[in-house]
Amino acid sequence: MSEDKPISTKARIKPRAAFVPADAAREAEAAQVPGLAARIAAAHVIADVVQGGRRLDERFSPQAVPQRVAGLDARDAALARSIASAAIRRLGTIRHALAALMDKGLPKQGARLEWPMIVAAAQIFFLDTPDHAAVDLAVRAARLEPKTAPFAGLVNGVLRNLVRRREEFLDCDPLELDTPSWLAQRWTKTYGEAQARAFARAHMLEPPLDVTVKSEPERWAERLDGVVMPTGSVRLRTLEPIAGLEGYEEGEWWVQDAAAALPARLLRAEPDERILDMCAAPGGKTAQLAQARALVTALDRSAERLKLLAANLQRARLHADIAVGDATSFQARPFDAILVDAPCSATGTIRRHPDVAWIKKPGDLDALASLQSKMLDRAAALLRPGGRMVYCTCSLEPEEGEAQVAAFLRRQPDMRRIPIDAEGEGIPHEFVTAEGDLRSLPSHWPAEEPRLRGVDGFFAARFSRRG
Ligand SMILES: C[S@@+](CC[C@H](N)C(=O)[O-])C[C@H]1O[C@@H](n2cnc3c(N)ncnc32)[C@H](O)[C@@H]1O
C-alpha cells in the first residue's frame with residue numbers, strides 16, 4: 001500500500017471473482033451485524049453487473065436471486081440498491097482510486113475483496129454513511145472468509161487512506177474514468193469533446209424523477225414538490241419510493257423521463273384513430289396515446305413485459321388492445337398512425353441506468369440497427385396512405401437515429417419526413433435538429449439545482465405516407 005502515491009490516470013484493478021461468503025453459517029453470521037448483509041448484497045450485485053452483464057433493475061426485481069437481495073428487508077434492499085447504483089455510476093473513479101492506493105493491487109488470495117472495497121468506496125465518496133461504518137463493514141466482510149480474512153488489515157489501511165484523500169480522487173475526469181472508452185470516443189467523434197465531457201458530467205448525477213400527469217401539471221407539481229418542465233412533464237426532487245406518493249395508486253401520473261414523453265406527443269394522436277404502438281412495453285407511451293383517446297394496439301415481443309404494461313394501464317384506468325408478437329412480421333389492417341419505439345443500445349439513458357455503460361458493447365450496435373431498420377420497413381407497410389409514424393430510440397448513437405432515418409427515407413420513397421415545429425409544438429429549440437428531428441442530450445436543461453438537471457438522450461423522427 002502506498003501513502004501518497006501520485007495518481008496514474010490509467011490505473012485500474014482487474015475484474016475479480018464475486019465476493020461470496022463461504023457457507024450458510026457465515027451468511028448467518030453476517031446477518032447478525034446491522035448493515036453488513038446489505039453491503040454484501042451490494043457487492044454481489046456490482047459483480048453481477050460488471051462481470052455478468054446483468055441489469056441492475058433485474059437484480060432488484062421481485063424475482064431477485066435469493067443470495068443477492070431477496071433476503072433483505074425493504075430498508076436494507078433500498079440501501080444495497082443505492083450503494084450499487086452509486087458504485088456503478090462512478091466505477092471508474094472508484095477503481096482508479098483503489099488502484100492508486102495499492103502498489104501491487106490485491107493479492108491473488110484476496111482478489112475478491114475488490115467488491116466490498118468498491119462498496120465501501122462508494123459510500124465514502126458518494127453516500128451519507130459515516131466513514132468509520134463504511135470502513136468497518138468492509139473489514140468485517142473480509143473477516144467472514146478464511147481466504148480473505150488475512151487481508152482485513154490491508155482493507156482497513158487502504159480505505160482509511162481513501163477517506164483521507166477523498167477530495168483529490170473526486171476531482172477526476174468522468175469522461176476518462178467513468179465512461180467506457182468506446183463510448184467516450186464515439187461521443188467525442190459525433191458531438192465534440194466538450195459535449196462528450198458534458199454528457200459524462202451529467203451521468204455523474206442521480207437524475208430527478210420525471211412523471212407524466214394526466215392533467216393539471218401545476219397542481220401535481222405543487223402537491224409532489226416538483227416543477228413543471230417546459231414540455232409539460234412534472235419533475236420531482238423526491239427520493240421516496242414512488243408507490244407511496246400521492247396520485248400514484250390512483251393512476252393520476254406515471255413515471256416517464258421528460259424526453260421519453262415527447263415521441264408519443266409528436267404522433268399527435270386523435271380520438272378514435274387506430275394506432276399501433278409497435279414496441280410498447282412497459283407502456284409509458286401507450287398510456288399517453290390511450291390518454292388521447294386513440295384506439296391503441298400495444299404490441300411487444302415480450303409477454304412478460306406486456307404483463308407490466310397491462311398493470312400500468314390498469315392503474316392509470318386506460319385501455320389498449322394488447323398483442324404479443326414480433327414487430328418485424330406483424331400482420332394487421334393498415335393503421336392511421338404508428339409509433340416505433342425500437343429496442344436500442346439505450347446509451348441515452350445512462351443517467352437513469354448507469355449499468356448500461358458497462359453492459360452494452362460496441363458490437364451490439366450492428367444487430368440493433370439492423371432490427372430497427374426491419375421494424376421501420378414493417379411499420380411503413382402497416383401505415384395507411386396519409387398516415388403518420390414516429391420512430392424513436394433512447395440512444396445517442398447516430399446509427400440508431402440520424403443515419404437510420406436517412407437510410408429509411410432512401411429505401412422508402414413513399415415516406416416523407418414531417419419536421420418538428422419547435423415553437424408551434426412546444427418542443428425546446430435546442431432539442432430540434434436542422435432536419436426537424438428530435439435530438440435531446442443528457443447535457444440539456446442545465447438547471448442550477450443539480451437535482452433538477454438534464455434529460456435522457458432521445459432521438460425521434462416523424463414521417464407521413466404519401467396519400
Ligand atoms: C424501448 S422499449 C419500449 C418502451 C415502451 N415503448 C415504453 O414507452 O414504455 C423496446 C421494447 O421492444 C420490445 N421488442 C424487442 N424486439 C421486439 C420485436 N422484434 N418485436 C416487438 N417488440 C420487440 C422489447 O421487449 C421492449 O419492450
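This is a predicted model: local features need pLDDT of at least 70, side-chain atom pairs count only at pLDDT 80 or more; totals for chains, interfaces and linings use all residues.

Visitor: How is the chain divided into domains?

Guide: Domain 1 covers 24-171, and domain 2 covers 209-465. Their centres, taken over C-alpha atoms, are separated by 36 Å. Nine residues from domain 1 and five residues from domain 2 form the contact.

Visitor: Which elements give two or more residues to the side of domain 1 that touches domain 2?

Guide: Helix H2 (36-50) and helix H5 (74-89) do. H5 provides the largest share, three residues. By class, that side of domain 1 has five nonpolar, two polar and two charged residues.

Visitor: What does UniProt place at residues 188-466?

Guide: An unreviewed UniProt entry gives the feature "domain: SAM-dependent MTase RsmB/NOP-type" there. In the model, this span is 30% helix and 21% strand. Its end C-alpha atoms lie 38 Å apart.

Visitor: Which residues does the UniProt annotation "binding site" cover?

Guide: The unreviewed entry lists Cys279, Ala280, Ala281, Pro282, Gly283, Gly284, Lys285, Asp300 and Asp341. They span 63 residues in sequence, yet no two of their C-alpha atoms are more than 13.1 Å apart, so they gather at one spot.

Visitor: Take Cys279. Is Cys279 buried or exposed?

Guide: Count the neighbours. The cut-off for buried is 20 or more other C-beta atoms within 10 Å. Cys279 has 22, so Cys279 is buried. Cys279 lies in the loop between strand S5 (274-277) and H16. Leaving out residues up to four places away in sequence, Cys279 touches Asp300, Ala327, Val340, Asp341, Ala342 and Pro343. Two of these, Asp300 and Asp341, are also in the UniProt annotation.

Visitor: And where is Lys285 found?

Guide: Lys285 is in helix H16. Lys285 counts as buried, with 26 C-beta neighbours inside 10 Å. With the sequence neighbours up to four places away set aside, its contacts are Pro263, Ala264, Asp277, Leu339 and Asp341.

Visitor: Now the helices. Why do residues three or four places apart point the same way?

Guide: Now look at H17 (residues 303-315). Its buried residues are Leu306, Leu309 and Leu313. Seen down the axis of H17, the buried residues fall within an arc of 50°, so they line one face of the helix.

Visitor: What do the buried residues of H17 pack against?

Guide: They pack against helix H16 (284-291), strand S6 (295-300) and strand S7 (321-324). The face of H17 turned away from the buried side carries exposed Glu304, Ala311 and Gln314. H17 has 13 residues and reaches 19 Å, close to the expected 18 Å. Just after H17, Arg317 takes a positive phi of about 55°.

Visitor: Which residues in H19 are buried?

Guide: They are Leu368, Ala369, Gln372, Met375, Leu376, Ala379 and Ala380. Down the axis of H19, they fall within an arc of 135°, so they line one face of the helix. Asp366, Ala367 and Ser370 are exposed on the face turned away. H19 (residues 364-381) has 18 residues and reaches 26 Å, close to the 26 Å expected.

Visitor: What covers the buried residues of H19?

Guide: The cover includes strand S8 (335-341), strand S9 (383-393), helix H20 (402-411), strand S10 (415-417) and strand S12 (459-465).

Note on methods: Residues are numbered from 1 along each chain as its sequence is written. Helices (H or I, at least four residues) and strands (E, at least two) are DSSP runs, numbered from the N terminus. The expected span of a helix is 1.5 Å times one less than its number of residues. A residue is buried if 20 or more other C-beta atoms lie within 10 Å of its own, exposed if 12 or fewer, and partly exposed in between; C-beta atoms are placed from the backbone. The arc is that of the directions from the helix axis to the C-beta atoms. Two residues are in contact if their C-beta atoms, placed from the backbone, lie within 7 Å. Domain bounds come from an automatic or database domain assignment. Ala, Val, Leu, Ile, Met, Phe, Trp, Tyr, Cys and Pro count as nonpolar, Asp, Glu, Lys and Arg as charged, and the others, Gly among them, as polar. UniProt positions are given in the numbering used here, feature names are shortened, and annotations may be inferred rather than shown by experiment.
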